[in-house]
Amino acid sequence: MPRSWLLLLYKIPPKPTSRRVYIWRKLKRLGAVLLHDAVWVLPDTPRTREYFQWLAAEIIEMGGEAWLWESHPALSGPEANLVQQFIQQTEAVYRAILTALKKKDANLAALSRHYQQAKQEDYFQSPLGQHVREALTSARGDRP
Amino acid sequence: MKWVTWENVGVDRMACAWLIRRFIDPKAEFRFIPSGEKSLPKGAEPFDIPGVRLSHRRGHCTFHTLLREYELKDPLLHRIAQIVDEADVVQEVNVEPVAPGLDFLCRGLRAISADDMQAFERGALIYEALYAQLAAEAT
């Protein structure tokens, strides 16, 4: 069974620019990947589907246009690259947390929030996530 | 009155159904249609379906829209709206610690329920509990 992806393509009236930024930030927050400055992609799950649907509705409400497709790649090579992009994106956040944890006065509360946020976008369950989790709990002082 | 929404209810639709029955229409009857279904049954008020009157507005969840449309002023309901918003909609700023857990639980509740109606009935208990706890903390 090939993996299913959701593709979002949209256009927002150029002004006010704040709306474009608003939508863009929401997409980044969802951990969507922008392919060739054209299409936003997320793996298809009930949760991502719901989010994308409402985001599309919001864009239309703003007077924009939005298309949301469910798709299956007909060519598998580029798909592997896409999965890699998702993994790299989340792992960059995980690595930043690990680096910050090494500092003496690391803000554990803030870092654990970053971790929780990153975990929500970790669509392909990077093993690094488990590593960050352990690093955070041991920084808390948990005995093994 | 009859109310209709998409099947596979989650945090927002469960909250809305509770709100409708508890504060808007005690005799509410609910119907569920497949997700994505565009043709709506006649004589039923649709909610939480993209594009209808009672759905997301300006990036806020349908629960918010219901409060506004039915002029419900109870501050505890507005707190619940904030929580549902953070659980249901992508937000950059989150101030309600209950929210992420609530979304997770509602998904799980739907998964262990025989159908949407049963998930609704069970979900009502969660929102009743949430309301009671917020009320306890407000005093």
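1. Let's begin with the fold of chain A. Read from the N terminus, its elements follow the order β-α-β-β-α-β-α-α-α, made up of 5 helices and 4 strands. Helices (H or I, at least four residues) and strands (E, at least two) are DSSP runs, numbered from the N terminus.

2. A word on what you are looking at. This is a predicted model, in which local features need pLDDT of at least 70 and side-chain atom pairs count only at pLDDT 80 or more, while totals for chains, interfaces and linings use all residues. Residues are numbered from 1 along each chain as its sequence is written, and chains are lettered from A and ligands numbered from 1 in the order in which they are written.

3. On confidence, the model has an ipTM of 0.82 and a pTM of 0.86. The mean pLDDT of chain B is 93, and 100% of its residues score at least 70; pLDDT is the predictor's confidence in each residue, from 0 to 100. Within chain B, helix H2 (residues 62–69) has the highest confidence, at 97, and helix H4 (residues 99–112) the lowest, at a mean of 92.

4. Now the overall dimensions of chain A. Its C-alpha trace spans about 55 × 40 × 25 Å along the principal axes. Of its 144 residues, 22% are buried. Buried here requires 20 or more other C-beta atoms within 10 Å of a residue's own, exposed 12 or fewer, and partly exposed lies in between, with C-beta atoms placed from the backbone. Among contacts in chain A with a separation of 6 or more, 72% come from residues 24 or more positions apart; a contact means that two C-beta atoms, placed from the backbone, lie within 7 Å.

5. Helix H2 of chain A deserves a visit. Its 16 residues should span 22 Å at 1.5 Å a residue, and the end C-alpha atoms are 23 Å apart, which agrees. The expected span is 1.5 Å times one less than the number of residues. The buried residues of H2(A) include A:Tyr51, A:Phe52, A:Trp54 and A:Leu55. Their cover includes strand S1 (5–11), H1, strand S3 (39–43) and strand S4 (65–71) of chain A. After H2(A) comes A:Gly63, with a positive phi near 90 degrees.

6. Helix H5 (residues 127–139) of chain A passes the span check too: 13 residues at 1.5 Å each should span 18 Å, and the end C-alpha atoms are 19 Å apart, which agrees. A:Gly141 follows H5(A) and has a positive phi, near 105 degrees.

7. Where do the chains meet? The contact draws 11 residues from chain A and 9 residues from chain B. On the chain A side, helix H1 (17–30) and helix H2 (46–61) each supply at least two residues, and H2(A) gives the most, with 7 residues. By class, that side of chain A has 5 nonpolar, 1 polar and 5 charged residues. Ala, Val, Leu, Ile, Met, Phe, Trp, Tyr, Cys and Pro count as nonpolar, Asp, Glu, Lys and Arg as charged, and the others, Gly among them, as polar.

8. Over in chain B, 3 strands make an open parallel sheet in the order S2-S1-S3. Strands S2 (29–33) and S3 (44–46) of chain B are at the edges with a single partner strand each, so one side of each has no neighbour in the sheet. From one strand to the next, the twist averages 35 degrees. Pairing calls for at least two DSSP bridges between two strands.

9. Because 4 of its 5 residues are buried, S1(B) is largely enclosed by the rest of the structure.

10. Last, two residues of chain B to click on. B:Met1 is in the segment before strand S1 (2–6) and counts as exposed, with 11 C-beta neighbours inside 10 Å. Leaving out residues up to four places away in sequence, B:Met1 touches B:Asp25, B:Lys27, B:Ala28 and B:Glu45. B:Trp6 is in strand S1 of chain B and counts as buried, with 21 C-beta neighbours inside 10 Å.

Terms used: Axes are lines fitted to C-alpha atoms, for helices over the stretch in contact, and angles run from 0 to 180 degrees between N-to-C directions.
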